[in-house]
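This report describes the architecture of one chain and the way in which it meets its partner. The sequence and structure are shown first.

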Amino acid sequence: MKKQNDLLKRILQPGLATLFLVAATTCIQAQALLPDQNPRYRESMNAYLFKADSLTRNEGTTLQQTYHAYQYFEAKQALKEQRRQWRQDRRMARSSYWNDYTYNDYAVGYNRPYGYSYPTYGHYPGGFRWNDIATVTSLALGAYILFR
Amino acid sequence: MFKINAAAFTGILMAGILLQGCAPRKVTRVDEKEQIDISGRWNNTDSRLAAEEMTTRVLGENWLPDFQQQHAGKKPVVIVGMVSNKTHEHIDAETFVKDMERSFVTTQKIRLVQGGAKREELRGERADQQKNAAVSTMKKWGLEVGADYMLQGSINSIVDSHKKQMVVYYQVDLELTDLQSNEVVWIGNKKIAKYVKN
């Protein structure tokens, strides 16, 4: 009989305590609820409490979400710039292709596999550039000496 | 007949190159309110116009007396939130939002609380005081002023351009929202249209 009582005490005491706590919490929550306040407000509150830092980080700042607007002159200028870049790239590619083709390359070239194409006149050495001041000066001087 | 030798020709060429490199730049201070439009993009005049319009409206419209009536003459507390720039240009809203904040503080009609990175810095300093400051001067946690409203906004633009002509339209929208109820109590906007001819 005494053993049974002990067992009941062991099982019932924690169970009752838990029940009491749950009831008390519910009661406090119910009491804390303001008039017309959503009873499930805690679900939302708990969800936002965890992300409050990231949500408030950009306060007082400007979020840049800019778009690209078509503007006739800007588009024209961009196209011009693009063409200039392409020309420059072609020139550089041509130049590096010929410059790499040194005596040693020739030696290696003989042993290259079939299908290797040698540079043609179309890929003439690319050392010459119209925007090079030295080139323009030397050309001007040459023309002057020739036609004076 | 005019004759020129090789040395003179080279000299003139080199002098030209040198002169081009040393072209003088002139800088003059101008009045901040002077309207100077160069490219047609968003500039200081637009920012100033937006700030003036918004400040006049936010301080002069009904939401303010309404709040004071409901809260026994208490001044509303505002926190500045985020402004989205959805235009085709880089625009920082801080230039005109800061002017508005300044007007809140100087007119003393609206109280302002710090938010974002600056608030984080303040909290960091407060945390530091807990270990390093004298107890009598140490600031306490949990006594910050809670904002009643948040100021948020957006900037939008429409561009219409053809050949030498362009019309750019900017619309700056700012709104005050009640932090308790999410109710928008004030919306202010400034519309700026520009005709640019190249």
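Two residues are taken to be in contact if their C-beta atoms, placed from the backbone, lie within 7 Å. The model discussed here is predicted.

## Contact between the chains

By that criterion, 29 residues of chain B are in contact with 24 residues of chain A. On the chain B side, helix H1 (6-21), E1, H5 and E3 are the elements that each give two or more residues. Strand E1(B) supplies the largest share, eight residues. In composition, this side of chain B comprises 11 nonpolar, 12 polar and six charged residues.

Strand pairing also links the two chains. Strand E1 (residues 62-64) of chain A pairs with E1(B) in the parallel sense, over three bridges. Within E1(B), B:Asn85 is the bridge partner of A:Gln64.

## Overall fold of chain B

Chain B contains five helices and five strands. Read from the N terminus, its elements follow the order α-α-α-β-α-β-α-β-β-β. Of the 198 residues in chain B, 20% are buried. Among the contacts in chain B with a separation of 6 or more, 66% join residues 24 or more positions apart.

In soluble globular proteins, nonpolar side chains tend to be buried together. The largest nonpolar core has 26 residues, of which B:Met54, B:Val78, B:Phe96 and B:Met100 touch the most other members. Two or more residues each come from helix H2 (44-60), strand E1 (77-86), helix H4 (94-107), strand E3 (149-162) and E4 of chain B. E4(B) gives the most to this core, with six residues.

Leaving aside residues up to four places away in sequence, B:Met100 touches B:Ala51, B:Met54, B:Thr55 and B:Val58.

## Helix H5

Helix H5 (residues 116-132) of chain B has 17 residues, which at 1.5 Å a residue should span 24 Å; its end C-alpha atoms are 25 Å apart, in agreement with that expectation. The number of buried residues in H5(B) is zero, so this helix lies largely in the open.

## The loop at B:Leu179

B:Leu179 is found in the loop between strand E4 (165-178) and strand E5 (184-197) of chain B. This residue is partly exposed, because 15 other C-beta atoms lie within 10 Å, whereas a buried residue would need 20 or more.

The C-alpha atoms of B:Leu179 and B:Ala147 are separated by 7.4 Å, although the two residues are 32 residues apart along the chain. Not counting residues up to four places away in sequence, B:Leu179 touches B:Ala147, B:Asp148, B:Tyr149 and B:Met150.

Key. Residues are numbered from 1 along each chain as its sequence is written. Chains are lettered from A and ligands numbered from 1 in the order in which they are written. This is a predicted model: local features need pLDDT of at least 70, side-chain atom pairs count only at pLDDT 80 or more; totals for chains, interfaces and linings use all residues. Helices (H or I, at least four residues) and strands (E, at least two) are DSSP runs, numbered from the N terminus. A residue is buried if 20 or more other C-beta atoms lie within 10 Å of its own, exposed if 12 or fewer, and partly exposed in between; C-beta atoms are placed from the backbone. The expected span of a helix is 1.5 Å times one less than its number of residues. A nonpolar core is a set of buried Ala, Val, Leu, Ile, Met, Phe, Trp, Tyr and Cys residues joined through C-beta atoms within 7 Å. Ala, Val, Leu, Ile, Met, Phe, Trp, Tyr, Cys and Pro count as nonpolar, Asp, Glu, Lys and Arg as charged, and the others, Gly among them, as polar. Two strands pair if DSSP finds at least two bridges between them.
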